[in-house]
Structures are given as C-alpha cells and as structure tokens.
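Student: I have a protein structure open on my screen and would like to learn how to read it. Could you go through it with me, one feature at a time?

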Amino acid sequence: MEKRVKFKGILLPLLLVLPQLLVTAVFFFYPAGQAIWQSLFIPDPFGLSMRYVGLGNFEFLLSDPYYRASFVTTAVFSLLVTLVSMGVALYLAVLADRLIKGSGTYRTLLIWPYAVAPAVAGVLWLFMFNTRVGVVTWYLGLLGYDWNHVLNESEAMGLVVIASAWGRISYNFLFFLAGLQAIPRSVIEAAAIDGAHFWTRFRTIVFPLLSPTTFFLLVVNIVYAFFETFGVIHTITSGGPQQATTTLVYKVFADGFVGQDLGSSAAQSVILLVVVGALTIVQFKFIERRVHY
Amino acid sequence: MNIRALAWSTTAVALVSGPLAAQTEIEFWHAFTGRLGELVAEQVETFNSSQSDYVVNAAHKGNYSETLNAGIAAFRAGEQPDVLMVFEVGTATMMSAAGATKPVYQLMEDAGAEFDPDAFIGAVKGYYTTTDGEMLSMPFNSSTPVLWVNRDALEEAGIDADTDLSTWNKVDTVLDQLAEAGHDCPLTTAWQSWIHLENLSAYHNVPFASQENGFAGLDTELMIDGEVQTKHVAQMGEWAEEGKFVYAGRRNEGGANFRAGECALFTESSAGYAGIKSEAEFDFDVRPLPYWEGVEGAPQNTIIGGASLWVMAGQSDEEYEGVAAFLNFLSSPEIQAKWHQDTGYLPITSAAGDLTREQGFYEENPGTDVAVKQMTTNEPTSNSKGLRLGSFDQIRGIIDEELEAVWAGDKSAEEALSSATERGNQLLRRFEQANR
C-alpha cells in the first residue's frame, strides 16, 4: 500500500520543493535554454556579432557523415564501458561477498581506483600501453602481438574503454556488494538445502533480488560513459586515430573549445540533451518494469 | 560633502598618492611552462626592474588552446588582459575580431613609440602582417621545422654520418639502408600537418590554400590535394607500410622516441633544441628540412610556428604606453638573442641574429643557425609567407585524422587529401559566415 501525505492548499508544498526547483532552474533550465538559443546562431568567438541561421547549425551537423558516425562510436563506447565496468564489478562483488577472512582489505583495495581522477587514470593507462615504452606493450610484444593504439582503431577504442571502466568498477563494486549483503541469507540457505547449486541460486534468487541495484547502476553508468569519460579520451587518444574514439561529448569540446565554433557546439549540446532524455525515458519505461523492488 | 570639497579632497589624494600609484600594471597571459616558463618570467623580471613606470604581471593560462580560450572568455566578461599570447594557428581568429584587439602598429603609433616592422625577419613579419603591410601582433616565439639526425644510429647501420640528407630522394635511400640494417625506427615526426603539409607546401612554393593561403580573403579554400603534397604523403604512406616511418602521435610524441635514441631521423621544430640537447645521449645533428628534387622553386623557405603577442582592446592609454614599452623591450636584440640561444626559437629580428653571430654562438653550437638560414635565404612568396585560415586548429585535426588513415593503410594519399580538403573547406565556409 502506498503512503501519501496530503497537504491542504498549495503554498506549503510549493515552499518545500522550492529549493529543488531553484537548483534545477539555475543549473539546468537556464543553461539548457541558453544552449537552445545559441544553437540558432553562428556567433563569432568574442561575442561581437551573432548571425541568425535558424536550424542551419543542425542541418550542418546532421548532413556531416562524421558527426553521424560519432553516434555509433558513442553507442559502442558507452555500451562497452557499462558492460565491462558492471560485469567485472558484479563478479568481484560476488566473490567478496563469499569472503570471510580479509574481506576488509580486499574491499578497500578494490574501492581505491575510484579515488583516481579520470585524467590521471588516462595517463596511467597511456603509460602502460605506450606503443614504444609501455610495459604492457612490451609483454604483448613477447607474445608476438604488435600493440599500436596510435594507428589501430579497435585497439584505441579498447584502451579508452578499459581506462574509463577501470575507475568505475570500484563504484559499481561498492553498490553491488551492498546489494548482495542486503539479500537475506535465509533465502539463499533455503535454496541450498533444496539442492540448488551456486549458479542456479545466483540466476534465480540473487540476480533478481539485486535488480534495483543493477538498474540504478545501469542508468548511472550510461550517463557516466556519456559525459564523464571526456578526460580519459582527451588524455589518451584526443578522439583518434582517425575518428575512432570521438564521442558526442568529445566533439562538443573539440568544436566549442578548440574550434571556437560555438553555434555548432551549442547545437550538439541540444542534440545530446535530446538523446540522453530519450535514453532515460526508455530505461525507466521498459527496463524498470523488470525490476523487482 | 559638497562638490567643491569633494574636488579638493580628490585632488589632495591624487597629489599625495601620485608618486606611489604611478606604476601602471600590465597583465600578460602566456602559455609557457617548465624551462620556457622560467625564461619568460626572467624576461618580465628584467623589464620590471629596468624601469619604474610599469609593472608587468605574467600569468600562465594553460597550453596554447587554453590560453586563447581564457583570453576569449575574459574578453566576453570584460576582464581581458593587456597582452595575450596566441599561437600562430589562432591568428585568423584574432584578426577577424577587429573590435577585440588593438593592432600593434596602431598601438606603437598612438604611444609614440619607435617601431620598425622591417627589423623583423621577412617570414616572421609576414605571418602577422596584413596584405597592406600593417603589423597586427608582435612576433614572439617562432620556430620552423628541421631534420634532426641521430649520427650514432647512422654509423651503427654502416652509413656515413655526414651523408647528404638535403632531399627526400636521398633520405629515401638512407631509410632503405637503415631498414636493411634492421633499424626499427628509421624516421619519425612531430606535428605532421605543420611539417609535412603546411611547410611542405611553402618549401616547394605551392599554395596550401587559395587567396594567398588565406591572407587575401576569407573566401579561401584548401589546396592540399595538389601534386607535390599527394606525392609526398603517398611516399610517407609507403614508408609507414614498410616500417621505415614510425608514426608516434599528433603532437610531439615522436620527440620522446628520438631523444631516447630509438629513432634515427626526426622531423621537428627547431625549438626542440633545448630538449634534445639536454636529454640525448648520442651524437646529433641539425639539418635543413629535406625537399623533393625536381620541383621547381624548391627549396623556397619554410614557414613559422609558435606564437605572437596580441594587445587586447579596451584598456587605458597609460596601460597601452606600458605595453608598447614592454613589447619593444621583448623584441630588443639582447633579449631576443638570449631567447634564441636558450630555446632554439628563431631570432625574430635580424639584429638579434647578428648579435648571436657576433657572440660566437653559432661557431660553438654548430647547426643552430640551420633554421635561420632556411627561413631567410629566400624572400617569402605568397605561398611561403604563412597561413591565415579560420578554424585552423580544427582543420589540423581533420588533416591529422586523414593522414592517420594513410599511415594505417586505410586510405590512399589521394583519397585522404581530397577528403581533408572537402571537410576543411566546410569549416572555412562556416568561419566565413561567422565573421562576415
């Protein structure tokens, strides 16, 4: 049964949500409105003049095959980052959950990478995979594999995915572990007594009971892969080789801050806003239905 | 308080504080860190202690792109510095913003300062001067690409270290020999677009873009899919395929490989001198950038990279006088000669070059004058004066992407260069729209 508090009148509830509304207005509606407004113009960098072009910026963008290709790049990248970071985190959390001795140390070590800033993480991975002096590259060379993410597009994608997912595994691990520990032991023990093996228990009991956590992490991780991986991409590949790792957000930066093309950059932000909005609606409409709270 | 009292008190305050407040503060934003940052700080310190009217406050604002962005953002907020360092790629952006800058020739005129644009060497002056001969920004650090040679690597491969490397044809033979001897990095490069397309075009006296490389108008179009460029990129692609040219990255990542002694030949800015000199544990040489035999007009002259100092609009007359004094100080022969010798950047005035020669620097450090000669032997033509293209930082990005496709063997030189031309032209049209 749902619990609801009923207010009399409108003034008190409005007053109570006002701080939240204000924050949303200042940090979301105002900048989003500005972006929409600016996307209709081609301004010069110094703000000395603005030319109204209507939907010209959008036409310019959508007719550009390289921009359309970066949708695919973004989708592949986000999917891989989400899968890798959640998959590994879940695996580690399940193992950590079964630990009795030394679980504290194990957990602490696993959470550590989360404290590393994305740009620093990028540089770390870049060093390990440096095409000439990287230690991983050297070992791969011993195995007869010639690693060169500077020219090989899939290797570059692989590297930014690993570097982006790495720090995120800790975050996801923390949530998965908490989720696992909230599952009543008695349910699992009952299943064990009935003869269910570990994998059966995991599939039929643990994973469904973990679904609220998984869903939350799915939403958060996709948003992360979209918006917060910029530092990693910037330090490792700068969007290259060719355009293999140019995601939508990286392109907003490249066009806006490197190219000083504020009109196109604003139009891209608007497109991104629509994409993420649509994605969130899809997630809540379709995936959340399968979540058991 | 009535008006009269206010006027009196103001006058009194002005009289009392006059001598104390006489120092006008000048904000100078630059993009240098490390050794270069220290050298700039030293220059500023020398200026401040050489006179008592002005104080220059230097501030580091990140790399070149970030410094330009900081300047633009500050201008939009009405908080712009007096002097902003802008890399050569941002020149067109700054030039089109007529209301945001104060041209240097005008600054000098208004301040009544002595100023002779002809004191600067031609290729440096040309880059920052309008077609009418008006100098818009003050040249500061300028460099040009040269060929760096690891002499030990050549000798190990059984090649005479003094072998002629003046043309790409001869380089080709040496690369063959290096590869046969089992060397795994015969040639690498930094700044591929700058060296292997922009400078290549100027050096062979062919246009990089129409309208005199953009100097004559915003309706310019790239012309990098010409015969010389296509031939060169195709050859580099072949070398890459055969493992003779090793691509290290879009910026100067190749420098680490060369300094570590892993690569035999390296095309990089003359300003790489300081780093190579301090790190290389092998015998090295500076050679002029190679050119292709049989191309008429080659070698012409190479063009510069680096930055110039722009004076921002909207400051007081006193500040502008101080800026004029500061800029004249920076371009004085003593300061420039020291800068040139410390960094490997070019001496931007002929006087600074002469002074360096008199001081015997070139004799003690053979090869340090290669870049200077390469720039000054010929009078620049409209193809070799420089480049003035809008959105040029982004265009370089596009060129990087397309060249990477050639090095990876995904595209032929023709395909890559015509695609780069087409994509770059779209950006040039947008820039034209934004600045019409």
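Student: Let's start with residues 71-96 of chain A: how much of that stretch is helix, and how far apart are its ends?

Tutor: Helices (H or I, at least four residues) and strands (E, at least two) are DSSP runs, numbered from the N terminus. Residues 71-96 of chain A are 100% helix and 0% strand, with the end C-alpha atoms 37 Å apart. Residues 12-30 of chain A are likewise 100% helix and 0% strand, and there the end C-alpha atoms are 25 Å apart. Before we go on, this is a predicted model: local features need pLDDT of at least 70, side-chain atom pairs count only at pLDDT 80 or more, and totals for chains, interfaces and linings use all residues. Residues are numbered from 1 along each chain as its sequence is written, chains are lettered from A and ligands numbered from 1 in the order in which they are written, and side-chain values use heavy atoms, with hydrogens and water left out.

Student: Which annotations does UniProt give for chain A?

Tutor: UniProt positions are given in the numbering used here, feature names are shortened, and annotations may be inferred rather than shown by experiment. An unreviewed UniProt entry places "transmembrane region" at residues 12-30, 71-96, 108-128, 156-183, 204-227 and 266-287 of chain A. The unreviewed entry also has "domain: ABC transmembrane type-1" over residues 71-283 of chain A. In the model, that span is 77% helix and 0% strand, and its end C-alpha atoms lie 18 Å apart.

Student: How many helices and strands does chain A have?

Tutor: Chain A has twelve helices and two strands. Read from the N terminus, the order is α-β-β-α-α-α-α-α-α-α-α-α-α-α. The C-alpha trace of chain A spans about 75 × 75 × 30 Å along its principal axes.

Student: What is a salt bridge, and how many are there over all chains?

Tutor: A salt bridge is a side-chain nitrogen of Lys or Arg within 4 Å of a carboxyl oxygen of Asp or Glu. Over all chains, a search of the whole structure finds 28 salt bridges. One of them joins A:Lys251 and A:Asp255, with the closest N and O atoms 3.7 Å apart. These two residues are separated by about one helical turn, because they sit four residues apart in helix H11 of chain A.

Student: How do I read the place where chain A meets chain B?

Tutor: Begin with contact, which means heavy atoms within 4.5 Å. Here 33 residues of chain A are in contact with 40 residues of chain B. Next comes buried area, the accessible area (1.4 Å probe) that two parts lose on being put together, summed over both. Chains A and B bury about 3,000 Å² between them, 52% of it on carbon and sulfur atoms. A:Phe46, A:Arg132 and A:Gln242 supply 28% of the area that chain A buries against chain B, more than any other three residues.

Student: How many salt bridges are there between chain A and chain B?

Tutor: The count is three. In one of them, B:Asp184 pairs with A:Arg132, the closest N and O atoms being 3.3 Å apart.

Student: Which elements of chain A give two or more residues to the side that touches chain B?

Tutor: They are strand S1 (41-43), helix H2 (56-62), helix H11 (248-258) and helix H12 (262-287) of chain A. H11(A) gives the most, with four residues.

Student: And can one chain be read in parts as well?

Tutor: Domain bounds come from an automatic or database domain assignment. For chain B, the assignment gives domain 1 (23-143 + 305-364) and domain 2 (145-302 + 390-434). Their centres, taken over C-alpha atoms, are 28 Å apart. The contact takes 19 residues from domain 1 of chain B and 15 residues from domain 2 of chain B. Together the two domains bury about 1,200 Å², 57% of it on carbon and sulfur atoms. B:Val89, B:Thr131 and B:Ser143 supply 33% of the area that domain 1 of chain B buries against domain 2 of chain B, more than any other three residues.

Student: Which residue forms a salt bridge with B:Glu88?

Tutor: B:Arg396 does, and the closest N and O atoms are 3.0 Å apart. The rule finds one salt bridge across the interface of domain 1 of chain B and domain 2 of chain B.
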